[in-house]
Amino acid sequence: MTSKTAPDTNFNIFDQEMADNRHAVFGELRGRCPVAHSDQIEADGFWVITSYAENKKAAHNTAVYSSRYATLPRDMFGEGHDHRPPLTLDPPEHGKFRRALQPNFGPKVMEVWVPEIRQIARRAIAEFIDEGSCDGRSQYAQRISTGMMLALFGVPAEAAPEFEHWLGEIVESGDMKRAEAGAASLYAYLDATVKRRRAEAEPPDDMITRIMESEFGGAKLPDDELVGTLVMIMLAALETVASTLSSILIHLATNDSDRERLIAEPELTPTAVEEFVRYYAAVVSAREANEDSTLGDAEIPGKSMVLLCWNAANLDPDAFPDADKVVVDRAKNPHVGFGIGPHRCLGIHLARLELKVGIEEWLAAIPEFELSEAVPGWQQGLVCGPKGAPLKFAPGGAGAAS
Amino acid sequence: MRLIVDRDLCQGHGRCLQAVPELVIDLDTMGQPALENDGEFGPELAAKVQLAVGNCPESALSIADGGRP
C-alpha cells in the first residue's frame with residue numbers, strides 16, 4: 001500500500017517529550033516536511049499536517065478525508081465504540097446533526113450564561129484566595145468548564161459531585177478500566193434522565209430537553225444516539241476549555257506586560273482570547289483517507305489516518321506574522337484553533353465566553369500572580385494543555401494589596 | 001461596497017460578528033451572518049469589514065464593489 005521506505009518522522013501525540021515541546025516539534029516538521037508520514041500509533045503509521053494551508057485543504061476536503069475515524073488511534077474508544085455522532089459523521093449526514101444542534105449553541109443563546117460563569121469563577125476563587133496559592137487548572141479552569149457544563153445540562157446540585165467524579169474518571173484517570181466505568185455511569189444517568197423526561201408533561205428547559213426535542217433530518221433521535229450525542233458534547237466541553245484557560249493563566253503569570261495590558265485595557269480581552277486560542281490551541285483532529293490523494297508534496301494512500309494539527313497551523317509563519325509570539329492585540333487573526341470545516345467546535349461561542357469571563361474574574365481578584373513552581377508538563381493525546389498551573393499570589397488577592 | 005458571504009464555506013465561527021457588528025447584526029440559527037442592508041456598507045465601515053474578511057478562518061467572506069445590481 002505505502003510506497004514509503006522510511007518514515008519522515010517518529011512524531012507521536014502520546015510522546016511526553018514531544019507534548020512538552022510541541023511548538024518546536026511542529027516548527028521543525030513544518031519547515032522540513034509539512035505533510036509528513038510518521039511510523040507511530042497505527043500499524044501503517046499516519047500522516048501529520050503542520051502547515052496552515054494543508055490543514056485547511058484537508059479539513060475542507062471531507063470527500064477524501066473522512067471523519068469516520070476522528071481519533072488516533074482509530075479505536076481509541078474501544079472496539080464498537082467508534083461511532084460518536086456528530087464527531088464521526090461526514091456531510092451530508094453530519095449536517096442533520098449540525099442543523100439540530102447549532103441553534104442551541106448560538107452566541108446570543110450562550111450570552112445569557114455569562115452571570116452563571118461569573119458566579120462559578122467567583123466561587124472557585126473564594127475557595128483558595130486566602131491560601132495565596134492554587135492549582136489554576138484543577139481549582140479554577142476545570143471548575144469553570146465542568147461547572148458551566150453541569151449548569152447547561154441542568155444537572156441538579158445534589159448529583160453534581162457524582163457527575164464530576166465520573167467525568168474525572170473519564171478524562172483524567174488515565175486508566176482505561178476506570179474511564180470505561182465512568183462512561184458507563186454517565187450513560188446510565190443520562191439514559192435514565194432522558195427516559196424520565198419523555199414521561200414528563202413539562203420537562204425543564206435545558207440543553208438535554210432541547211436536544212431531545214430537536215429534529216435531526218426530520219426525526220427525533222432514538223435514545224441511544226441521543227445519549228451518545230449528549231456524552232460527546234459534554235466531554236468535548238471539558239478538557240478543551242480547561243486546557244486553554246490553564247495555558248492562559250500560565251501565560252499571564254509569566255508575561256507581565258500582557259497581564260498589565262489586559263488589566264489596563266479590559267476591552268482587549270475578546271481579541272486576546274482569540275490570540276490565546278491561536279497560540280495555545282489544544283486539539284488535534286484525525287481523519288481517514290477514503291482514497292489515494294495528494295496533499296502538498298505528499299502522496300497519501302487510501303485508508304491512511306491523517307492528523308490535522310490546529311496548533312501547528314496557527315503557528316505557521318506563512319500564515320501569521322510573528323507567528324511564534326503572543327500578540328494580545330493581534331487584529332488580523334484567522335486562526336483555526338476551534339477547528340475549521342463542518343466539524344468546527346460546536347461550543348465555540350460558549351468557550352469564548354468561558355475564557356473571557358475566566359480571565360476577567362481572575363484578574364479582578366488576583367491581578368498579581370506568578371508560577372510557584374515549574375509547569376508539570378503538558379498532556380499527551382488529542383487534547384494538549386498543561387497538566388497543572390501552580391500559581392502563587394498575595395493571600396487575599398486584590399483585597400490584600402495596598 | 002457589499003459584503004458577500006459564501007454560505008457553503010461559512011461554518012459559523014462568528015468572527016465577522018465580532019469585527020463589524022454594525023453590518024453583521026446577528027448569526028442565524030445555523031451560525032451564519034445575518035446582514036444589515038443586505039451586506040451593503042459605506043466607507044466608514046470599510047476597515048472593519050476588511051478585518052472581518054481577513055479574520056474568517058474559512059475564507060467565506062469577500063467584498064464586492066458597488067451596491068446591489
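Helices α13(A) and α15(A) are roughly perpendicular to each other in this predicted model, because their packing angle is about 115 degrees and angles from 65 to 115 degrees count as roughly perpendicular. Helix α13 covers residues 269-280 of chain A, helix α15 covers residues 348-365 of chain A, and their axes lie 10 Å apart. The crossing of α13(A) past α15(A) is right-handed.

Which residues of the two helices meet? On the α13(A) side they are T269(A), P270(A), V273(A), E274(A), F276(A) and V277(A). Their partners in α15(A) are R352(A), L355(A), K356(A) and I359(A). Sorted by class, this contact consists of six nonpolar, one polar and three charged residues.

I turn now to another helix of chain A. Helix α4 spans residues 93-101 of chain A, and its buried residues are H94(A), G95(A), F97(A), R98(A), A100(A) and L101(A). What do these buried residues pack against? They pack against two helices of chain A, namely α10, residues 207-212, and α11, residues 223-254.

Is A6(A) buried or partly exposed? The relative accessible area of A6(A) is 45%, so the residue is partly exposed. Between A6(A) and D256(A) there are 45 Å from C-alpha to C-alpha, and the two are 250 residues apart in sequence.

The second residue is Q11(B), in the loop that joins β1 (2-5) and α1 (15-19) of chain B. Q11(B) has a relative accessible area of 18% and is therefore buried, since the cut-off for buried is under 20%. Leaving aside residues up to four places away in sequence, Q11(B) touches G341(A), P342(A) and R344(A) of chain A, together with E58(B) of chain B. Along the chain, Q11(B) and P57(B) are 46 residues apart, while their C-alpha atoms are separated by 9.2 Å.

Chain B has a mean pLDDT of 94, and 94% of its residues reach 70 or more. Where in chain B is confidence lowest, and where is it highest? It is lowest in strand β2(B), residues 24-27, at a mean of 95, and highest in helix α2(B), residues 46-55, at 98. For the complex, the predictor gives an ipTM of 0.95 and a pTM of 0.95.

Methods
Residues are numbered from 1 along each chain as its sequence is written. Chains are lettered from A and ligands numbered from 1 in the order in which they are written. This is a predicted model: local features need pLDDT of at least 70, side-chain atom pairs count only at pLDDT 80 or more; totals for chains, interfaces and linings use all residues. Side-chain values use heavy atoms; hydrogens and water are left out. Axes are lines fitted to C-alpha atoms, for helices over the stretch in contact, and angles run from 0 to 180 degrees between N-to-C directions. Helices (H or I, at least four residues) and strands (E, at least two) are DSSP runs, numbered from the N terminus. Angles under 35 degrees count as roughly parallel, over 145 as roughly antiparallel, 65 to 115 as roughly perpendicular and the rest as oblique. A crossing is left-handed if the near helix is turned anticlockwise from the far one by less than a right angle, and right-handed if clockwise. Contact means heavy atoms within 4.5 Å. Ala, Val, Leu, Ile, Met, Phe, Trp, Tyr, Cys and Pro count as nonpolar, Asp, Glu, Lys and Arg as charged, and the others, Gly among them, as polar. Buried means under 20% relative accessible area, exposed over 50%, partly exposed in between (1.4 Å probe, protein chains only). pLDDT is the predictor's confidence in each residue, from 0 to 100.
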